[in-house]
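Let's take a friendly walk through a protein model, one neighbourhood at a time. Keep the picture open as you read, and try to find each residue as it comes up.

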Amino acid sequence: MSYYLSFQYSAIQKTVLRHDRLWSIAGISQILSYMNEIEMRKITEDHGGTVIIAGGGKYTARFDSEENAEKAKKEIIELISTRLPMLEFQISSVVQANSFKEAGEKKLGENPYPGIIHELNEKKRCFRGYGVTFNPHFAVCEECEEYPAEKGLYGPENKRLCRICYDAREARKISIQNPKDENNLTSMEEIYKNYVKPLSIRGLHIPSLMNEMFPKDGEKEEIGRIAVWMSDMNRMNDMISLWLRQEEKEILSTFDSLKRLFIDAISETLKSVFPEDSIVKRDGEFFIPFRLIVAGGDDLCIVMPDKYILDFVKAYSSEIKKRTDEQKLKEYHFALTRAWLEEEAEKAKKEAEKENKPVKKEYHYSGISFGGSFIVTSIHAPFTRIHALGEELMSEAKKVTERKGNSVNWRVLSTDEESSSDEILRAEKPLFVEESLHGKTLSFNKYMELCDEYGTMSGSRVHQIVNKIIEFHQDPEKLKTWLLTLPEASNTGSPVQRMLLDENLKDQDGRLNIPRLVTLFELISLKKRSE
Ligand SMILES: [Zn+2]
């Protein structure tokens with residue numbers, strides 16, 4: 001007889017986003033990953049247990065005795081409540097069963113969701129705040145103004161810090177070129193390690209503040225705009241419920257394989273998008289031009305200067321696609337293949353029918369893919385707001401594409417100087433990165449080709465055309481008439497002339513496809529930043 005214990009928290013959540021500074025967000029995220037991927041594993045092993053899942057905010061382990069399982073549970077709760085008292089998490093009771101599958105069915109018996117996981121979702125959230133109210137004897141942390149400052153803990157400018165802010169500041173300093181312990185790296189540390197390996201510049205820093213992603217030479221600091229990318233895997237929960245039906249050792253290797261796949265794909269993407277000459281020089285020091293905020297399980301959140309974002313989307317999609325081909329997936333784990341998922345889903349469906357349980361799930365899989373979004377904004381935009389908008393755009397991308405492939409959605413937020421055309425104009429998005437959406441949209445990659453084709457158009461011309469689209473209330477005929485009056489419209493091969501003839505830019509009735517032009521011009525403007 002075995003004893004099972006499960007735990008979960010959501011990867012990006014209030015805990016990570018409680019404070020807008022980059023070092024705090026990235027530092028707390030690193031602390032979370034370290035607890036989840038390394039420390040919980042160790043606690044489990046110290047009590048003779050076996051880890052089944054540890055990563056991406058999830059943890060499940062098996063123990064030989066109830067006593068050991070309870071001890072481990074107590075230590076995990078202690079670890080979290082001392083390290084990150086504000087973390088909202090759910091921990092299951094210790095469940096006695098012959099197998100994990102049985103532990104799953106035992107509690108609530110709802111297929112295909114194992115009960116032990118179901119219990120977590122139902123469970124009241126444990127919130128462990130200090131409940132610090134106004135107390136004149138306490139000095140409050142000068143960074144978060146939430147927890148009491150502790151003696152001897154200082155930040156820059158001698159600010160007094162609480163334990164959490166202090167730890168986050170320490171954890172932000174991921175030592176990328178000589179990691180402390182090669183065998184105990186979090187996913188994030190491993191990705192940094194892979195990224196810096198081929199670089200010849202030594203002493204690289206990871207940005208702790210948004211402006212550290214931009215060059216600086218004495219008084220001269222060239223601060224541009226940033227892009228924040230967010231993505232996660234489509235239909236992850238549906239797949240997890242099928243993976244958990246396997247034998248225990250296969251469950252562990254499925255999750256390890258998936259983690260490996262993501263680490264490989266992200267590392268290769270970063271190597272191709274940020275080569276050695278993109279390293280940022282700041283007063284003689286060298287910084288990598290991006291910061292990973294979350295990289296664990298299937299979640300990815302990364303910040304970079306906006307000029308890299310389009311290449312990033314294209315490269316990340318291609319690296320994922322390369323690895324999720326049915327043949328290639330077999331090198332990772334058979335349970336990641338579409339064939340296995342469909343077969344297993346069919347079995348689960350039959351079992352449910354046999355037991356007269358409601359079958360409401362869709363049992364068709366298009367393979368592993370992500371839903372993603374990016375936001376372009378100033379370095380001063382509050383991160384909580386960026387994150388909320390990113391989530392909204394991402395779920396729209398997933399919904400519109402029915403989670404059938406890598407998808408992307410985005411928003412370029414306006415600055416004081418320029419107004420955002422996005423709120424006024426209808427554009428063609430979200431998009432699939434690789435394919436057309438039911439033949440109705442172009443793919444993101446097709447847009448990239450068109451950007452190259454029409455990118456020679458001057459920035460002021462692009463701006464002028466967009467203003468005309470607004471002025472004409474998106475009327476295609478009026479725009480066409482106006483475009484024909486431009487001097488270059490009669491120049492053979494000029495971008496404007498080619499645009500008027502391009503089938504890709506027309507709708508079914510042969511008129512100019514205005515939402516498509518709006519999207520193209522938005523992307524061309526973004527692309528011009530990298531030139
Ligand atoms: Zn604090």
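Predicted model: local features only at pLDDT ≥ 70, side-chain atom pairs only at ≥ 80, totals over all residues.

Two residues are in contact here when they have heavy atoms within 4.5 Å of each other.

**Helix α8 and its partners**

Which residues of α8 meet α12? They are Met 239, Leu 242 and Trp 243, and on the α12 side they meet Trp 340, Leu 341, Glu 344, Ala 345 and Ala 348. Sorted by class, this contact of α8 with α12 has seven nonpolar residues, one charged residue and no polar ones.

How do the axes of the two helices cross? The axes of α8 and α12, which covers residues 338-354, come within 10 Å and cross at roughly 70°. Angles from 65 to 115 degrees count as roughly perpendicular, so α8 is roughly perpendicular to α12.

Helix α8 also has α9 as a partner: their axes come within 10 Å as well, and cross at roughly 145°. On the α8 side, the contact is made by Met 236, Ile 240 and Trp 243, while α9 brings Ile 251, Thr 254, Phe 255 and Leu 258. By class, the contact of α8 with α9 has six nonpolar residues, one polar residue and no charged ones.

Between α8 (236-243) and α9 (248-273) runs a loop, and Arg 245 is found there. Is Arg 245 buried or exposed? Buried means under 20% relative accessible area, and Arg 245 has 10%, so it counts as buried. The side chain of Arg 245 is joined to that of Glu 351 by a polar contact of 3.2 Å.

In soluble globular proteins, nonpolar side chains tend to be buried together. In this model, the largest nonpolar core has 105 residues, and Trp 229 and Trp 243 touch the most other members. Helix α9 gives the most to this core, with ten residues. A second, separate core has 61 residues, including Leu 17, Ala 72, Ile 91 and Ile 293.

Most residues other than glycine have a negative phi, and most peptide bonds are trans.

Pro 430 has its place in the loop between β15 (407-412) and β16 (431-432).

**Helix α14**

Which residues of α14 are buried? They are Phe 444, Asn 445, Tyr 447, Met 448, Leu 450, Cys 451 and Tyr 454. The elements that cover these buried residues include the helices α10 (309-323), α17 (495-501) and α18 (514-528), along with the strands β15 and β16.

Terms used: Residues numbered from 1 in each chain as written. Heavy atoms only, no water. Helix = DSSP H or I, 4+ residues; strand = E, 2+ residues; numbered from the N terminus. Buried < 20%, exposed > 50% of the residue type's maximum accessible area, 1.4 Å probe, protein only. Polar contact = N/O pair within 3.5 Å; in protein donor to acceptor, adjacent residues only side chain to side chain. Axes fitted to C-alpha atoms, helices over the stretch in contact; angles between N-to-C directions. Parallel < 35°, antiparallel > 145°, perpendicular 65-115°, else oblique. Nonpolar A, V, L, I, M, F, W, Y, C, P; charged D, E, K, R; others polar. Core = buried A, V, L, I, M, F, W, Y, C linked by side-chain atoms within 4.5 Å.
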